[in-house]
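Good morning, and thank you for coming.

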Amino acid sequence: MRTYGSKPRVGGDDVVAIPFGPATDSASAATALATGFKTDSGNISWLPGDPPAGELTTITEEYRTKTGAGIGVVSTVPFNHATPAAFVSHNPSRNAYYSGLKGYKGLGLADEIILRVKPDVVIGGGHPLLDNPDFNPRQGYISKSLYLGLKASPDYLLVERTPGADGGRAIVEGAAAALRAGKKLFGLFGGKGGNFDIAQAEDSPGRPRVTSGSEENPSLGEATVAALDYLGANPGGFFLVVEQGDIDWANHDNDYRGMVACIAELVGAVRAATAFVDRPGDTVDWTNTVLLVTADHATGGLVLGGAKRLGLGDLPRQDPRVAYPEAPPATGSDRGLSPNGAALTTPVYASPNVYPDEDIIFGTAGHTNELVDLAVTGAATRYFMKYRGTWYPGLVLDNTQINSALREALGLGALGRRAARGT
Ligand SMILES: [Zn+2]
């Protein structure tokens, strides 16, 4: 029997004790990155405790106000999901996707993004005709009125997922058309769950291979190219957030195969961004551009088991849990609640996927407190390095310090005690 963390694994291959405590969610983590403020889980750029008028100005909005820069968000999950939302909207709840959802009377995230903040580029999932074709007001990411409004919008050129059409080509051509028309760019794609149909990694030792989910959605790289083509035309510069959001979703499912494909998608986006900055003939170069790659948190508690070393293109044997009737039943999530809602005193977790060869182990379906990587390009590195050792030993930064360093790199002053909206 192997041990994981400080507790022995019990019951064979798929049940482990959870060594991880409560961890941040994407809403509060993205709020820290976007505003420099810590807040409660679930808050979208809104002060902790949910006070009225608790909106926090985001670095995105402030940069636009002060410099005229273009702003944009791109995600493979719904365009108003927590991470992109925290950069371009404000709400005490990440679940307030649109006005009218489950009777929500306030300004929904989609409503605020489309009608108020109006980023120059929005590309993401959440297309209602795939995710919620009947516009059931108890689900989905966008209301019928907002969707119809987008189709006839004076502000946005809408590019949507279309049966049989190549989504990557559509969004890149849409960016050029929007520039010609003097409109902003909205790319509305997705699949049944609101997210793009994710790619699948194949077990092809020595030759890593990924098959894309559907050509009707752009790849994250294609969506990034479209956003950069559009925003790069702004003489005032730009601020773009690109999220591969399915990495988190795959890790919640303990789906290693899906996760690897999502990482490949992310690599495609980073390559596209790097190529864009390298491209000659424009004013964008590495002296005036910060490219930052990080995660808002980790998910799944993935540990490489070491029983068998996985080489290039090599995937572990991965079976659905249902193929193992002898495995103990799932006893609840690691979110602290059992299926009947009672608090779990000993959180035990049964993975939906089983890795019989024990070459990898997932420890949780939830988020974890592991440190995540942070990569920053060349000239901007010094703004980040100066925080080294100030709060934590060594080269560990707080997520709010990423905001501080970015502010400095962008020429914005130090953060006030609380930045009022619109200033
Ligand atoms: Zn998550």
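This is a predicted model: local features need pLDDT of at least 70, side-chain atom pairs count only at pLDDT 80 or more; totals for chains, interfaces and linings use all residues.

Let us begin with helix α1, which spans residues 26–35. How many of its residues are buried? The count is 10 of 10, so the helix is mostly covered, given that buried means under 20% relative accessible area. Among these buried residues are Ser26, Ala27, Leu33 and Thr35. Directly after α1 comes Gly36, which has a positive phi, near 80 degrees.

I now turn to charged side chains. As a general point, side chains of opposite charge can pair when their charged atoms come close. In this structure there are 14 salt bridges. I shall present several of them.

One is formed by the side chains of Asp155 and Lys118, at 3.2 Å from N to O. Where do these two residues lie? Asp155 sits in the loop between α6 (144–151) and β6 (156–160), while Lys118 sits in the loop between α4 (109–117) and β5 (121–125). The pair therefore ties together parts that are 37 residues apart in sequence. Are the two partners buried or partly exposed? Asp155 counts as partly exposed because its relative accessibility is 27%. Lys118 is likewise partly exposed, at 25%.

Another salt bridge joins the side chains of Glu160 and Lys151, at 2.6 Å from N to O. Here Lys151 has a relative accessibility of 47%, so this residue counts as partly exposed.

Next, please find Arg317 and Asp357, whose side chains meet in a salt bridge of 3.0 Å, N to O. This pair links distant parts of the chain, 40 residues apart. Arg317 belongs to the loop between β13 (303–304) and β14 (319–320), and Asp357 to the loop between β16 (353–354) and β17 (360–361). With 43% relative accessibility, Arg317 counts as partly exposed, and so does Asp357, with 31%.

Thank you for your attention.

Terms used. Residues are numbered from 1 along each chain as its sequence is written. Side-chain values use heavy atoms; hydrogens and water are left out. Buried means under 20% relative accessible area, exposed over 50%, partly exposed in between (1.4 Å probe, protein chains only). Helices (H or I, at least four residues) and strands (E, at least two) are DSSP runs, numbered from the N terminus. A salt bridge is a side-chain nitrogen of Lys or Arg within 4 Å of a carboxyl oxygen of Asp or Glu.
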